[in-house]
Amino acid sequence: MTRHPTSLSPAYFAGLYADDPDPWRFATSDYERAKYAATLAALPRPRYASALEVGCSIGVLTRQLGSRCGALTALDVVSSVLERARVACADQTQIRFLQAAVPGDWPDGRYDLILLSEIAYYLDRADLARLVACVETALLPGGDIVLVHYLGETDYPLSGDAAADGFIQGSAGFAEILAQSRTAEYRLDVLRRAVPEVAVA
């Protein structure tokens with residue numbers, strides 16, 4: 001299978017959703033249901049003050065994550081998908097939805113949780129490095145990063161392992177690994193930004 005040589009464009013995803021409103025079966029797949037449960041179980045803290053979810057799609061995980069966040073910003077590149085997510089999460093007023101294609105479009109704000117679930121392998125290596133730089137700017141000291149990536153064969157620019165390992169290597173200067181796990185189908189990596197030491201007079 002030949003990989004896309006560059007980052008996938010918003011038009012790529014708009015085309016997928018035009019053909020199928022839920023092309024990855026987020027709402028019905030046993031794989032997705034189990035992966036969402038594992039993702040939420042892997043969060044190191046019971047609650048977060050301000051979280052960012054990159055690639056929220058139709059909002060299935062967003063809705064579950066929202067109950068653990070004082071504020072949650074959810075991004076996707078397709079406007080019709082964001083509208084479905086808004087409807088699905090309408091009763092959770094702490095969630096805001098933005099149309100954005102990372103790393104070029106990055107929201108303002110500082111976050112104590114950044115979730116990158118099945119998103120980094122849509123980027124080429126140059127854009128992955130830019131994504132790491134965006135996360136470094138936006139993540140609060142002591143904040144958590146959660147990476148989730150499918151391990152099967154795809155035509156995406158990067159494999160699941162290449163995307164996760166590339167992110168981890170790129171963020172080594174500001175984040176450390178807290179936990180890692182993998183199944184036959186996906187891997188889950190949890191990182192935490194170091195808290196600067198306070199000098200004692």
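Which element gives the largest share of the lining of the largest pocket? The model is predicted, so that local features need pLDDT of at least 70 and side-chain atom pairs count only at pLDDT 80 or more, while totals for chains, interfaces and linings use all residues. Residues are numbered from 1 along each chain as its sequence is written, and side-chain values use heavy atoms, with hydrogens and water left out.

The largest pocket has a volume of about 590 Å³. A pocket here is an open set of points, on a 1 Å grid over the protein atoms alone, where a 1.4 Å probe fits and protein lies on both sides within 12 Å along at least five of seven lines, and lining residues have an atom within 4 Å of a point. Of its 38 lining residues, Phe13, Gly55, Glu118, Ile119 and Tyr122 are the closest to the centre. Helix 2 provides the largest share of this lining, with four residues; helices are DSSP runs of H or I with at least four residues, and strands are runs of E with at least two.

Turning to the cysteines, a search of the whole structure finds zero disulfides, a disulfide being a pair of cysteine sulfur atoms within 2.5 Å. For Cys69, the nearest cysteine sulfur is that of Cys89, 11 Å away, and Cys69 counts as buried because its relative accessibility is 2%, where buried means under 20% relative accessible area with a 1.4 Å probe and protein chains only. Cys134 is likewise in no disulfide, with the sulfur of Cys56 the nearest at 17 Å, and Cys134 counts as buried at 15% relative accessibility.

Technical notes. Grid points are joined across faces, edges and corners, and a volume is the space filled by probe spheres set on the points. Buried means under 20% relative accessible area, exposed over 50%, partly exposed in between (1.4 Å probe, protein chains only).
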